[in-house]
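Please examine the sequence and the structure shown below. This report describes how parts of the chain pack together.

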Amino acid sequence: MNIGKSLQEHRERSGLSQTALAQKTGIKQQTISRWEADITVPKITDCVTLALFYGISVDYLIGLENEDGTKTYDKRV
């Protein structure tokens, strides 16, 4: 899964629009839109902000691990 798709899925699972997420996190709606469209990628500080907001790990937020904590990638990479 790509990062943009993962970010979008977490936002939608929380029942939030991009505008609502922006208001709750202080991240601009346009920035969230660009991430979800895979135009840009978030800075690590923004990933931490979102992970803390959702109560999940950064790895889970960006699609590198499953909800149960298992990795979604080959560790040899």
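Which residues of helix 3 are buried?

## The buried side of helix 3

The model discussed here is predicted. In helix 3, the buried residues are Ile32, Trp35 and Glu36. These three residues span an arc of only 95 degrees around the axis, and therefore they lie on the same side of helix 3. An α-helix has 3.6 residues a turn, so residues three or four places apart point the same way.

The cover over the buried residues of helix 3 includes helix 1 (3–13), helix 2 and helix 4. After helix 3 comes Asp38, which has a positive phi, near 60 degrees.

## Helix 2 against helix 4

Helix 2 (residues 18–25) packs with helix 4 (residues 44–54) at an angle of about 95 degrees, and their axes are 11 Å apart. An angle of 65 to 115 degrees counts as roughly perpendicular, and the two helices are therefore described in this way.

On the side of helix 2, Leu21, Lys24 and Thr25 make the contact, while helix 4 contributes Thr49, Leu50, Phe53 and Tyr54. Of the residues in this contact, four are nonpolar, two are polar and one is charged.

## The nonpolar core

The largest nonpolar core contains 14 residues. Leu21, Ile32, Trp35, Leu50 and Leu61 have the most contacts inside it. Helix 2, helix 3 (29–36) and helix 4 each give two or more residues to this core, and helix 4 gives the most, with four residues.

When neighbours within four places in sequence are left aside, Leu61 is in contact with Ser6, Leu7, His10, Cys47, Leu50, Ala51, Tyr54 and Ile56.

Methods: Residues are numbered from 1 along each chain as its sequence is written. This is a predicted model: local features need pLDDT of at least 70, side-chain atom pairs count only at pLDDT 80 or more; totals for chains, interfaces and linings use all residues. Side-chain values use heavy atoms; hydrogens and water are left out. Axes are lines fitted to C-alpha atoms, for helices over the stretch in contact, and angles run from 0 to 180 degrees between N-to-C directions. Angles under 35 degrees count as roughly parallel, over 145 as roughly antiparallel, 65 to 115 as roughly perpendicular and the rest as oblique. Contact means heavy atoms within 4.5 Å. Ala, Val, Leu, Ile, Met, Phe, Trp, Tyr, Cys and Pro count as nonpolar, Asp, Glu, Lys and Arg as charged, and the others, Gly among them, as polar. A nonpolar core is a set of buried Ala, Val, Leu, Ile, Met, Phe, Trp, Tyr and Cys residues joined through side-chain atoms within 4.5 Å. Buried means under 20% relative accessible area, exposed over 50%, partly exposed in between (1.4 Å probe, protein chains only). The arc is that of the directions from the helix axis to the C-beta atoms.
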